[in-house]
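Thanks for making the time this morning.

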Amino acid sequence: MSGSERGKVMAKYAEVVERHADELAALESLDAGKPLAAARAVDVGECVGILRYFAGAADKIHGETLKMSRQLQGYTLREPLGVAGLIVPWNFPAIMFFSKVSPALAAGCTVVVKPAEQTPLSALFLAHLSKQAGVPDGVINVVTGFGPTAGAAISSHMDVDVVAFTGSTEVGRLIMEASAKSNLKPVALELGGKSPFIVFDDADLDKAVELAIGGNFFNKGEACVAGSRVFVQEGIYDRFEQKLADTMKSWVVGDPFDPRVNQGPQVDKAQYERVLGYIEQGKAEGATVLTGGNPCGKKGYYIEPTIFTNVKDDMVIAREEIFGPVMCLMKFKTVEEAIERANGTRYGLAAGLVTRDIDVANRMARSIRAGVVWVNCYFAMDRSCPFGGRKMSGFGKDDSMHALDKFLAVKSVVTPVHGSPW
Ligand code: ADP
């Protein structure tokens, strides 16, 4: 199928998804525990947007004409790699589905998607909807199952040409290993993080507090980009801490189908216990609980949004990805110190800054080793903006035209120029 035909089918697919927005949002709430209004506005809206973006990209993939050093004419073709294995996690099931499937289809690949075992419903529903849009049989395949069986079958398969994965650093390592031991398929890994969110003395306090809350408690902290290490400069620290604690008093945890609720339950029992384990560890290590620190309610996997103060950089809660509603609040003095501590992690996914000083913002943006630096905003994901980490947060980009690269092979074609000695 030509790029423009693929684009047309993908645009139709976006329309079909939009028509089923309410059902898709309900499935996401039910399966992943996110508040229905957020699922409808953020998750479904983003799905349709990503799909439309890549529908528009499908007929804009082309090679280049080369200026050769000898009497040769050369050009490149960018060809689909073939079968793409897409292994995705449970925190944004539908968005993850489309952030991998859309560029793969635009590039001309076929896909085998493995949704997370905790949240398979939206992927199945979306594959079903693709038929209504005219996506040919066999192009979008969904295989449900557990990681070590269904996931590993994809990453070690000799006929899968590329794997794009989002999930934990530990599993990312297994996927690379499986590729190395099978057919050396290229892999793209979007992994964990322990991202710094840095508030300078000159920050707009209200804005900084709002961003820190969103960066830690949106999607109940189940976000790889969570800005879970909050560094606050000493001049604004006390006011920031006070305002943060006051603001959290109106935060509502509960049934995601209740419109007043800000935060639903953790995705499953294992995550719930894991997060509570980290909270206990934080207390045992000597950090102070500013808010939360306990399970919430008598039924379901609800956890109070938890803010720790008196956190030291070497505490487990400040080093490991918790993937739950747990914020570590820390004080710093100078820009140099902020840079050093922000980079003092094995991860390099995202970072946030709040400052009105353009020089500080520019210096920080260049000094932090991360895939994205958000200045005076946080969680500002956009399908037009490359997304993906460095260090142990992985490599390869989702979103933007860069996302196409992982599904394309570059082929060079060379011929002698007429009359040359070749
Ligand atoms: P989390 O720790 O956030 O649950 P995981 O990295 O375990 O995330 O899971 C992300 C995705 O990777 C899921 O679809 C899961 O089934 C899959 N997965 C887990 N283990 C493996 C594995 N050994 N090989 C391939 N995929 C796996």
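Let me start with glycine 85, whose bridge partner in strand E4 is valine 112. Before I go further, please keep in mind that this is a predicted model, in which local features need pLDDT of at least 70 and side-chain atom pairs count only at pLDDT 80 or more, while totals for chains, interfaces and linings use all residues. Residues are numbered from 1 along each chain as its sequence is written.

That bridge belongs to the pairing of strand E3 (residues 83-87) with E4, which runs in the parallel sense over five bridges; two strands are said to pair if DSSP finds at least two bridges between them. The element names are DSSP runs numbered from the N terminus, with helices (H or I) of at least four residues and strands (E) of at least two.

Valine 112 also has a bridge partner in strand E5, namely asparagine 141. E4 and E5 (residues 140-142) run parallel and are joined by three bridges.

How much of E4 is buried? In strand E4, residues 110-114, four of the five residues are buried, where buried means that 20 or more other C-beta atoms, placed from the backbone, lie within 10 Å of the residue's own.

Now to the ligand, which has 17 residues around it, with Gly147, Gly151, Gly167, Ser168 and Val171 coming nearest; a residue counts as near if its C-beta atom, placed from the backbone, lies within 6 Å. Helix H6 (147-155) and helix H7 (169-181) are the elements that give two or more residues to this shell, and H6 supplies the largest share, five residues.

Finally, the overall layout: the protein is divided into domain 1 (3-191 + 389-413) and domain 2 (196-375), with bounds that come from an automatic or database domain assignment. Contact, meaning C-beta atoms placed from the backbone within 7 Å, links 15 residues of domain 1 with 20 residues of domain 2. On the domain 1 side, helix H2 (21-32), helix H3 (36-57) and strand E16 (390-391) are the elements that give two or more residues.

Methods: Two residues are in contact if their C-beta atoms, placed from the backbone, lie within 7 Å. A residue is buried if 20 or more other C-beta atoms lie within 10 Å of its own, exposed if 12 or fewer, and partly exposed in between; C-beta atoms are placed from the backbone.
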